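This report goes through one protein chain by topic.

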Amino acid sequence: MTVSSCSPSGDCPLRPRLQLLLYPPAGSPTNRTGLLLLGRRMMLNDEWTIMNNSSSELDSKRPNKYKRCCTFLLWSVIVLLVIAAIVMATLTVLHLTQYPLPFISSNRGGVSTPAISTITKDSGALVTISRVTDREPVSVFLDPNCPDFSEHFLRWEALQSSLLRTLTNHNADEWKERGAFQKLGDDLKVLTGHAHNLRLETDSLKRGQGVLDQRMDRLQSEQSRVIQVLSDSHSAVLKLAESFSDSLLGLKREAESLRRLKSELSRDLTQTAVQPRDCSNIVASGVSQDGVYSVFPTHDPDGFMVYCDMSTDGGGWTVIQRREDGSVNFFRGWEAYRDGFGITTGEHWLGLQRIYALTRSGGFELRIDMADFDNATAFALYSDFSVGRDSVNPEEDGYPLTVDGYSGTAGDSLLKHSGMRFTTKDRDQDQSENNCAAYYQGAWWYRNCHTSNLNGQYLRGGHASYADGVEWSSWTGWQYSLRFTEMKIRPRKPES
Ligand SMILES: [Ca+2]
């Protein structure tokens, strides 16, 4: 545009104006039709003058056109900004409400996949469900030791329903890990089955507990009844216990007595085998000391004490009578001579019953040792001696004497008494009209009185009275009372 070639008055040559037309601005139509139209319009309307004259007016209208355009653009931008702000606010609200946004991936670990685990050791819960997003586990405690799972079941079912609802509402397309979703469903089914089984078991346990409660009630009532019975019979039980204790003590004493008796019987049985029947058995066992011993004759197993002469003629003599000092009264009755009297170590009479017990089986010999007051001694030995040998009841029969086979130094003063019954002052069994025992102050196997009277009065040697002292007539006559006499027996030794 070259208007500067015009004069200041406004008169511009035609050629420059044509140049203007010949050189249109860029972007204007360049075809021939356009040029012809423009040339004709300028020629017809003489627009050139108008155009020259109104060049200043055209310049003044251009700024308004730009201003409208800019205003339009400004409003457009403002509208866009408002729309953008609304969209951002909406997204922010949705994001804050944790609504999953399809174009916003989670910046906290991707998709929030719930994690379900069973029987976690840390919490002790049977089932634990935790959300990875907030890492806050929701534990369902099912204590296996507690039979009441009702509350846990309710919680479990509520949690299960909530979880299933959440999963249903959740858009499955947004679960990137379909496998985890499927596994979670399977686990839920398994856990649901376990929970169902546990509930059945719990119900069964509750029923069992009910039965147990009933039985416990019955047991308690029974216990109460037993306690009542025990309380009522407490005193009776105490008495019974005391009685039982006494009986037990009595039984213990009886048992002890029986044990002692058994021991004694056993000892007696043992001793019987080795018990001496008389002094010959004792000397045969090796004992050679004179003295008092226990003998147990076959016909008197209870035994009794005797004096044993272990020194005279081989020993083994069982003494049945001794006179030595007159210290013992020999003028006694029947019972005394039947049972014996005196002192075993001194003057004594063994007793007709014991002599019978010793000799009733026969085979005994009798030795009578004598001494006078001048220290002279003599003896008479009879190879056969017994008392009541053939008697069914020896006492009633009077303990008749059997004696035979004299030998010795004192002469025989006894054989005439063989077969005679024993006579005491209170039991006359002699052949005299009188009581020979009473008459001669003694007790003997008197016939029509005697040739020996060894149980007579201890008159100490010669005496004036007749035949009433300790007489052995064949040695010292009828008026000398011996200082010492000793009658002794032992089994006759078998003749070799
Ligand atoms: Ca008579």
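## Salt bridges

Arg367 forms a salt bridge with Asp369, with 3.0 Å between the closest N and O atoms. A salt bridge here is a side-chain nitrogen of Lys or Arg within 4 Å of a carboxyl oxygen of Asp or Glu. Both Arg367 and Asp369 are buried. Buried means under 20% relative accessible area, exposed over 50%, and partly exposed in between (1.4 Å probe, protein chains only). Through shared partners, salt bridges join Asp309, Arg322, Arg367, Asp369, Glu486 and Lys488 into one network. The count comes to 14 salt bridges.

Arg490 pairs with Asp313 in another salt bridge, the closest N and O atoms being 3.4 Å apart. This pair links distant parts of the chain, 177 residues apart. Arg490 sits in strand E16 (residues 484–491), and Asp313 in the loop between strand E5 (304–309) and strand E6 (317–323). Arg490 is buried at 6% relative accessibility, whereas Asp313 is partly exposed at 44%. Glu256 bridges to Arg259, with 2.5 Å between the closest N and O atoms. Both lie in helix H7 (residues 234–274), 3 residues apart, or about one turn of the helix. Glu256 is partly exposed, with a relative accessible area of 39%. Helices (H or I, at least four residues) and strands (E, at least two) are DSSP runs, numbered from the N terminus.

## Basis of the model

This is a predicted model: local features need pLDDT of at least 70, side-chain atom pairs count only at pLDDT 80 or more, and totals for chains, interfaces and linings use all residues. Residues are numbered from 1 along each chain as its sequence is written, and side-chain values use heavy atoms, with hydrogens and water left out.

The mean pLDDT of the chain is 80, and 72% of its residues reach 70 or more. pLDDT is the predictor's confidence in each residue, from 0 to 100. It stays under 50 over residues 1–61, which have 19 contacts beyond four places in sequence. It also stays under 50 over residues 105–114, with 12 such contacts. Contact means heavy atoms within 4.5 Å.

## Calcium site

The protein donors of the calcium ion are Asp428 (OD), Asp428 (OD), Asp430 (OD), Ser432 (O) and Asn434 (O). They lie 1.9 to 2.5 Å from the ion. Donors are N, O and S atoms within 2.8 Å of the metal (3.2 Å for Na, K and Ca); water is not among the atoms, so sites may look incomplete. Along the chain the donors follow the spacing D-x1-D-x1-S-x1-N. Asp428 is partly exposed, at 37% relative accessible area. Asp430 counts as buried at 12%.

The largest nonpolar core has 54 residues. Such a core is a set of buried Ala, Val, Leu, Ile, Met, Phe, Trp, Tyr and Cys residues joined through side-chain atoms within 4.5 Å. Those with the most contacts inside it are Trp349, Leu366, Ile368, Phe385, Leu414, Trp445 and Trp472. Strand E10 (residues 377–387) gives the largest share of this core, 5 residues. Beyond four places in sequence, the contacts of Trp349 include Phe330, Phe341, Phe422 and Trp445.

Ser413 lies in the loop between strand E11 (401–408) and helix H12 (436–440). Ser413 is buried, with a relative accessible area of 2%. Its side chain makes a polar contact with the side chain of Trp472 (3.4 Å). A polar contact is a pair of N or O atoms within 3.5 Å; within protein, one must be able to donate a hydrogen and the other to accept it, and residues adjacent in sequence count only if both atoms are side-chain atoms.
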